[in-house]
Amino acid sequence: MYTVFHPELAGLTTRLAGDFAGYLAGDWNADRLRAHQLAAFRDTIAYTRERSPFYRRHLSDVDPAAIAGLDAGSIAHIPFTTKEDLRREQFDVLSGKVSDAWIFYETTGTTGAATPCPRDNVDTLHNNAVLTAYYETVFRQFGDDQVIGVSGPSELHATGDTFGDVCRNLGLAVAKMWPHSPVIGFPRALEVMRLLPITGLFCTPGMALSLAKAALREGLDPAEDFELRTLMMTGELVSPSLLRVIGDLWGAKAYNCLYASQEASILAAAGADGVLYQAPLINYYEVVDPETLAPAQPDADGIRRGELVVTNLYQGVKPLVRYRTGDLVRERPPAQDATVPAPRLEILGRVRDQLDLNGHLISGYDLEELLLQHVHGFVDYQITIDREDGRDRLHVLFQPRTLTAEDPGLAAAALACSERLGARLTVSFGEPGNVTATGAMVSWKAARVVDRRNLVGAESVAAQEIASRRTA
């Protein structure tokens, strides 16, 4: 409705809807996309140099008109933007005043000073256009009588506004529910889920597991006593195996629905096939070696692995130029039969959080997949890493539902762990601590991984768990 009061936005809304409809239909060939990205990249450089105090200094030697292409050679002279820049510069990164925005968000501050992330209508329209187009392919599978729950971490987070607006675009009813709120709580959240009933839920993997455990404590069967058809999860590291476990638990289709940050907004979103796709109409993507910062080279299958770098191709209140996300990704080329004709992303965890286990480097995503791919029938888990007799070893604590010690999947997990990491794997059953159930949407390294190799003296496991959360 706000376009009635701001008619200049009506044309932008119509254009974006048409652009994404055409993109999904295959109307954008490589030449058209390259031309669009180059023009928008130049516009962002010029816009930020003119409006942002930080970028006026940071990009002072960059002439946007002289950028001949978006290949590595043509943009190598453009400096990266880092998280440290955002923390240090704060409001000077903005290309406008906070009063130019329609909403104010900020980062959670778990890894340093919280940074301001206001968004104006240009920001919101571009990002929500991506989600509306991609999620339409998801939700149309589940019928017309859908009520979607949205569960997020805080009032200063974009979760509720973004997913609520996108669902409204798609004609889906929304219930914003915050189980960690002292007003709502888990019992009332479960009651609302059954009463409406909720057919889809945006939340973190941790929240999906916490709600399931709360239902089980009340004698309810998540798959039988609720009507969830789809779970749209984001905010934490989640492997295909954990998605499968959560989907089985609720009797629903589970998606890793989004890769985004408060700072850089929407970077990838899921299509109906469950793949995370880039959004190349609104972002330009690079994958670099996190040590040398040189472009990551594709392997024989065209897959690139490294740190993701992104430039926003729209000019709102806080566009970022060559922003180093700090996230380790695998970028796969577009597939012939894909839901979205864009490169695919797998988010592997923070670059700094890769684990060296007996000389084998592994990401949190790949570790979770390695240990869970053969295991079924549990409602939560936690991995502990220890060192014994000069070797790293792993232990997984499962909170079982139907899983037993005789399950052959556990033997398969132990074998995979030995072959891939040269590590012994042991298993026990119980309930992980509260650190796995915070429901926070702030961490790509789940608190379910506890590394005790550096603990000395009287330091406790709890202290190490807290440290894991703070550095995630």
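A crossing of two helices is left-handed if the near helix is turned anticlockwise from the far one by less than a right angle, and right-handed if clockwise. The model is predicted, so local features need pLDDT of at least 70 and side-chain atom pairs pLDDT 80 or more, while totals for chains, interfaces and linings use all residues. Residues are numbered from 1 along each chain as its sequence is written, and side-chain values use heavy atoms, without hydrogens and water.

Select residues 205-217, helix H10, and then residues 240-250, helix H11. Helices (H or I, at least four residues) and strands (E, at least two) are DSSP runs numbered from the N terminus. The axes of H10 and H11 are 11 Å apart, at an angle of about 30°; axes are lines fitted to C-alpha atoms over the stretch in contact, with angles from 0 to 180 degrees between N-to-C directions. H10 and H11 are therefore roughly parallel (angles under 35 degrees), and H10 passes H11 in a left-handed crossing.

Pro205, Ala208, Leu209, Leu211 and Ala212 of H10 are in contact (heavy atoms within 4.5 Å) with Leu242, Ile246, Leu249 and Trp250 of H11.

Move on to residues 304-312, strand S10, where eight of nine residues are buried (under 20% relative accessible area, 1.4 Å probe, protein chains only). Asparagine 283 has asparagine 312 in S10 as its bridge partner.

Key. Angles under 35 degrees count as roughly parallel, over 145 as roughly antiparallel, 65 to 115 as roughly perpendicular and the rest as oblique. Buried means under 20% relative accessible area, exposed over 50%, partly exposed in between (1.4 Å probe, protein chains only). Two strands pair if DSSP finds at least two bridges between them.
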